[in-house]
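Have the viewer open as you read.

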Amino acid sequence: MRTNLKWAAAAIACSVVFTGCSSNNNNSGNANAAQTAAPSADASAPAESVNWTPIIDAYRQYSIGQADTLITETDKFVTAVKSGDMDTAKKLYAPTRMYYERIEPIAEALGDLDPDIDARENDVDAADWRGFHRIEQGLWVNNTTADVTDFADRLLDDTKKLRALMETVDIEPSLLVTGAVGLLNEVSSSKVTGEEERYSHTDLYDFAANVEGAQKIYELLKDDLNKKDADLESKIGTSFDNLNKALDTYKNGDGYVSYTDLKEEDTKKLSQLIDALAEPLSQMGVILGAE
């Protein structure tokens, strides 16, 4: 299990740099920076210099807290679906998903639970498709709750399984540091392109949650990173601030505007800010000796 997670984490770290470049061909400056960037501090620092135990324990507790609330909010969502309350079900859909989107790195390490909960149409065989996006299609495309009540029950069961497994899942430093980059990869590959929420167009909720999940990991590692490379730590912090400020301009009440309200210049600006954050964030694992 540990070996598999290391390889998965390394793959994520590589893919975000590639995706960041390919998703933003008009931004050659950022792309070149991502391809050629090198750690600005001594990368030979031993992993033992960072005490990972309290950091990993804190991340586990954060993830468990998000999973607990995911169950509570999914229960409300499922109740609305099963009672045929279309308006309430649509209102709860995107905010409920945010608790899952914040903890995707650890959820993706738990076998089939990620596709069971979060697969989009065509990600899996039609016979196996279930989870949030199966219900999203029922609500927004078929305009009915009647066809998705069984999927709603299974979704609630799957979130409970996810919560139970989080007590014992083995979290390594490599999973943690590349998980932050992986969350930005999720944003770059599907949220900022509008592919994730193809029926409801609530992509910016997922976008914000992925960024919040990545920022939580950065905050847990911030002090140790500052000791090893204060410039890199400051650059990451500034990049998070810039991205969050831009995202705030798309808020609508307690949520976010529809993806269909975004213009080409909006998605281009957000893509550039993601790339500007992903590049220094991808160096964090090497600096901390976690890869």
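What follows covers the overall chain, then a helix pair, then a ring pair.

This is a predicted model, where local features need pLDDT of at least 70, side-chain atom pairs count only at pLDDT 80 or more, and totals for chains, interfaces and linings use all residues. Residues are numbered from 1 along each chain as its sequence is written, and side-chain values use heavy atoms, leaving out hydrogens and water.

The chain has 13 helices and two strands (DSSP runs: H or I of at least four residues for helices, E of at least two for strands, numbered from the N terminus). Of its 291 residues, 54% count as buried (under 20% relative accessible area with a 1.4 Å probe, protein chains only; exposed is over 50%, partly exposed in between).

Now for the helix pair: the axes of α3 (residues 52-82) and α8 (residues 149-165) come within 9 Å and cross at roughly 170 degrees. Axes here are lines fitted to C-alpha atoms over the stretch in contact, with angles from 0 to 180 degrees between N-to-C directions. The two helices are therefore roughly antiparallel (over 145 degrees).

On to the rings. Phe77, Tyr93, Phe132 and Trp140 are linked into a cluster by ring pairs (centres within 6.5 Å). Tyr93 and Trp140 have ring centres 5.3 Å apart and planes at 65 degrees, so they're edge-to-face (over 60 degrees). These two partners sit 47 residues apart in the chain:

Definitions and conventions: Parallel < 35°, antiparallel > 145°, perpendicular 65-115°, else oblique. Phe/Tyr/Trp six-rings, centres within 6.5 Å; stacked < 30°, edge-to-face > 60°.
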